[in-house]
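Here's a quick briefing for anyone opening this structure for the first time. Have a look at the picture, then read on.

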Amino acid sequence: MRFGMDFGGTNIKLAIFTGDGEMVTFDEIPTMKLIKNGNIIDGLVERVTKFTGGYSLDAGGLAVKGMVDTGKGTVEDDIGAGRLLAGKNVQKIFSDALKIPVAMDNDARSYAWGEYLFGAGKGSRVMVCMTLGTGIGCSLVHGGKPYEGTDPLSGLLGGHITIDRNGPECPCGSRGCLELYCSATALTEKIRTMHPELNSDDILPDFFKAVLEKGNPYTRLLREFQENLALGIVNVIHAYGPDTVVIGGGVMKSHEVILPDVIEIVHKRAWTFPRKSVKIAASKLGNKSAVLGAAFHYTLQ
Ligand SMILES: [Zn+2]
C-alpha cells in the first residue's frame, strides 16, 4: 500500500491507496490546527503516524507547496504555509517515522503526475497540467516523468505567462500574467466587482449557475475568462507541444460550461495543430490528484 500527503496552505490531505491507486482511506485537516508554538512538524508526524498505523505500507510521498528541492527532500522557501517546513529534511523525517521510502515534490508537479498516471492525462505522451487555484500551478510531464528544470520552481510558472504586456503588475515582477486573470482568486474578484448581486460564500458555482440560467449579462465575464484561459493554453501548447492539456482546480467543477468554448478558441489560435490533435480536458481526480501523485511519485516506481 501507498501513503500520500498533500500539504496545502488551507488543508492537509492524507490518504492511503492500494498498489493500483484505489483509495483505502482519506483524511483532511486544517493546516493551522497542527501548529504548536510555531512548529508544525511534530504535530504533522504525530497525525501521520496515527493515520497510517495498522496499514502495511511499501512507500509514501509528500506533495508540498512552495520551492521543493526534490533531490534533497526539503522545502527551500515559500510565500505561504510551505515555509513552516523550510529548513528541515522533511523527506527524511517522514521516511524515518514511517520506516518506508518517502519521496517529496512540489504540489503542482504531484497534481500533474496524479492526472498523468490515473486521471485525464492517462496514456498521454506529453502532458501539461494547469491548476486554477489561488494562483495557477503548471507542470509538464515529459519522457515519463515530471519536468524539473534547473531550479525548484522551473517548469511550474505557467501562471506567469504574460497575456497582456500592458496589464496590471504581478507580484512576480512582470505584468499581465495569466494568473491575474484566470486563477480562482482572480475570477472570484472579478465576479464580486462586476456582479455584486452574487454575494454568497460559494460564489464560483453560483456564477456558473447564473450563466446557465440567466445568460446575459453573465456570459460577458465568462467569455473574457475563457478567452484569457485559451491564450494561456495556446502558449503552453506552442512551448511544449503536448498531446494533452489538463485543466484542474475547483473551478473545473463547471468544466461543461467553461471548456467547450475554450477548446474552440484554442483550436482557432493554435493553427500549428490543424488536426485538432491536442486533447484539452478537465482534471478527473480533482483535489485527490496531488495526494495520489505524491503516493506514486516516479522515484518510487
Ligand atoms: Zn506574474
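This is a predicted model: local features need pLDDT of at least 70, side-chain atom pairs count only at pLDDT 80 or more; totals for chains, interfaces and linings use all residues.

Residues are numbered from 1 along each chain, as its sequence is written. Helices (H or I, at least four residues) and strands (E, at least two) are DSSP runs, numbered from the N terminus. A residue counts as buried if 20 or more other C-beta atoms lie within 10 Å of its own, exposed if 12 or fewer, and partly exposed in between, with C-beta atoms placed from the backbone.

**More on α1**

- Leu44, Val48 and Thr52 are buried in α1.
- Looking down the axis of α1, you'd find its buried residues within an arc of 50 degrees (taken from the directions from the helix axis to the C-beta atoms), so they line one face of the helix.
- Those buried residues pack against β1 (2-7), β2 (11-17) and α2; contact here means that the C-beta atoms of two residues, placed from the backbone, lie within 7 Å.
- Just after α1 comes Gly54, with a positive phi of about 90 degrees.

**The sheet**

- Five strands make up an open sheet, in the order β3-β2-β1-β4-β7, with mixed pairing; strands pair if DSSP finds at least two bridges between them.
- β3 and β7 stand at the edges with a single partner strand each, so one side of each has no neighbour in the sheet.
- From one strand to the next, the twist averages 15 degrees.
- β1 and β4 pair in the parallel sense over six bridges, and Gly4 stands opposite Gly61 in β4.

**Helices across the strands**

- α1 lies across β1, β2 and β3, and runs at about 25 degrees to β2. Axes are lines fitted to C-alpha atoms, for helices over the stretch in contact, and angles run from 0 to 180 degrees between N-to-C directions.
- Helix α3 (residues 107-118) lies across β1, β4 and β7, at about 105 degrees to β7.

**A look at Ala59**

- Ala59 sits in strand β4 (residues 59-64).
- Is Ala59 buried or exposed? Ala59 is buried, because 21 other C-beta atoms lie within 10 Å.
- Leaving aside neighbours within four places in sequence, Ala59 is in contact with Arg2, Ile100, Pro101 and Leu300.
- Ile100 is 41 residues from Ala59 along the chain, yet their C-alpha atoms are separated by 5.3 Å.

- Most residues other than glycine have a negative phi, and most peptide bonds are trans.
- Asn37 isn't a glycine but has a positive phi of about 50 degrees. You'll find Asn37 in the loop between β3 (23-30) and α1 (41-52), where it is exposed, with 7 other C-beta atoms within 10 Å.
- Lys99 also has a positive phi, near 55 degrees. Lys99 lies in the loop between α2 (90-98) and β7 (102-106) and is exposed, with 8 other C-beta atoms within 10 Å.
- The peptide bond from Asn216 to Pro217 is cis, with omega near 5 degrees. Pro217 is in the loop between α6 (203-214) and α7 (218-240).
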